[in-house]
Amino acid sequence: MAYQLDMERIPQHIAVIMDGNGRWAAERGHERSYGHQAGVDAVRRITSECTRLGVRYLTLYTFSTENWNRPTDEIAALMGLVLSSLEDEIFMKNNVRFRVVGDMGRLPENVRRKLRETEEHTAGNTAMTMVVALSYSSRWEITEAVKAIATEVKDGRIGIGDITEQTVDRHLQTEFMPDPDLLIRTGGELRISNYLLWQIAYAEMYFCDTFWPDFDEQELHKAIASYQGRQRRFGKTGAQIEAEESSLR
Ligand code: IPE
Ligand code: IPE
Ligand code: MG
């Protein structure tokens with residue numbers, strides 16, 4: 001089935017919890033890492049389709065702080081995939097800027113270097129920013145922001161009364177991008193798993209059973225169509241939103 005998308009209302013920022021690689025592989029009688037490899041192909045597909053649709057930011061949950069507790073061979077396979085999949089060509093072809101958020105200090109040096117290089121090489125690309133959350137968890141990120149703000153207060157650079165929501169925003173690793181409009185989780189679980197807790201305050205949620213390696217353009221369109229069918233009220237009444245929209249027309 002084809003989904004009719006309103007090209008005027010494409011979400012500016014889509015965040016994705018790419019889940020289900022391991023189960024996808026198990027269903028086929030393969031190792032979990034085979035699923036992660038197939039997951040990379042899905043990343044390519046979705047990145048290129050998001051660029052085509054005019055999405056400005058795509059934030060992909062790739063490896064969580066808690067994923068450090070996985071078996072070491074799986075972690076090694078995932079780090080290897082990060083290294084091998086960061087090809088400049090893909091970003092250049094799609095005019096995509098690459099950024100990473102997370103606790104870089106925990107990553108192996110060669111992975112860190114490759115990430116930094118890819119950020120530098122793609123810094124001039126303008127169609128879309130693809131953000132990979134790697135060694136990332138929201139509670140870690142918020143804790144780091146609290147520490148940084150506390151230090152500024154202690155040093156007398158700001159007063160406690162100066163702390164606003166914008167202060168917090170600016171101290172998060174995601175300070176360079178707007179909040180997600182749409183959060184997609186594949187793989188059937190109905191949870192957030194420590195992803196962008198502050199930033200998704202008003203994101204529209206979309207959960208689907210499809211395992212990440214099977215997530216394709218059609219599935220993406222379905223998620224966006226679902227998003228476009230909703231009224232985002234931000235605490236107001238439906239009538240208020242309708243009045244605002246008709247005054248814009
Ligand atoms: C998501 O797939 C990718 C990572 C967390 C790295 P999983 O590896 O969690 O796959 P399932 O959920 O076990 O199927
Ligand atoms: C969330 O998936 C993290 C990523 C997709 C990178 P998990 O598979 O780690 O989440 P839980 O453990 O099922 O909540
Ligand atoms: Mg999982």
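Residues are numbered from 1 along each chain as its sequence is written, while chains are lettered from A and ligands numbered from 1 in the order in which they are written. Because the model is predicted, local features need pLDDT of at least 70 and side-chain atom pairs count only at pLDDT 80 or more, whereas totals for chains, interfaces and linings use all residues; side-chain values use heavy atoms, with hydrogens and water left out.

Helices and strands are taken as DSSP runs numbered from the N terminus, a helix being H or I with at least four residues and a strand E with at least two. Helix 3 covers residues 72-85, and its 14 residues reach 20 Å from the first C-alpha to the last, close to the 20 Å expected at 1.5 Å a residue; the expected span is 1.5 Å times one less than the number of residues.

Helix 6, made of the 17 residues 138-154, should span 24 Å at 1.5 Å a residue, and its end C-alpha atoms are 24 Å apart, which agrees. Its buried residues are Ser-138, Trp-140, Glu-141, Ala-145, Ile-149 and Glu-152. They cover an arc of only 170° around the axis, which puts them on the same side of helix 6. Arg-139, Val-146 and Lys-154 are the exposed residues on the face of helix 6 turned away from its buried side, and the cover over the buried residues includes strand 4 and helix 7 (165-171). Just after helix 6, Gly-156 takes a positive phi of about 75°.

**The two ligands**

A residue is counted as being around a ligand if one of its heavy atoms lies within 4 Å of it. The residues around ligand 1 include Met-18, Asp-19, Gly-20, Asn-21, Arg-32, His-36 and Leu-78, and those around ligand 2 include Ile-17, Met-18, Tyr-61, Phe-63, Arg-185 and Arg-191. The table gives polar contacts of the ligands, a polar contact being a pair of N or O atoms within 3.5 Å; within protein, one must be able to donate a hydrogen and the other to accept it, and residues adjacent in sequence count only if both atoms are side-chain atoms.

| Ligand atom | Protein atom | Distance |
|---|---|---|
| Oxygen of ligand 1 | Backbone N or O of Gly-22 | 2.9 Å |
| Oxygen of ligand 1 | Backbone N or O of Arg-23 | 2.7 Å |

Taken alone, ligand 1 exposes 380 Å², of which the protein buries 87%; accessible areas come from the Shrake-Rupley method with a 1.4 Å probe, and for residues only the protein chains shown count as cover. For ligand 2, an oxygen atom is 3.1 Å from a side-chain N or O atom of Asp-19, a polar side-chain atom of Asn-67 lies 2.9 Å from an oxygen atom of the ligand, and a side-chain N or O atom of Ser-193 is 2.6 Å from an oxygen atom of the ligand. Taken alone, ligand 2 exposes 390 Å², and the protein buries 78% of that.

**Single residues**

Thr-118 is found in helix 5 and, at 1% relative accessibility, counts as buried. A polar atom of its side chain lies 2.7 Å from the backbone oxygen of Lys-114. Not counting residues up to four places away in sequence, Thr-118 touches Leu-86, Asp-88, Phe-91 and Phe-98.

Thr-65 lies in the loop between strand 2 and helix 3, and its side chain makes a polar contact of 3.1 Å with the side chain of Ser-137.

Most residues other than glycine have a negative phi. Asn-95, in the loop between helix 4 (88-94) and strand 3 (96-101), has a positive phi near 55°.

Key. Buried < 20%, exposed > 50% of the residue type's maximum accessible area, 1.4 Å probe, protein only. Contact = heavy atoms within 4.5 Å. Arc of directions from axis to C-beta.
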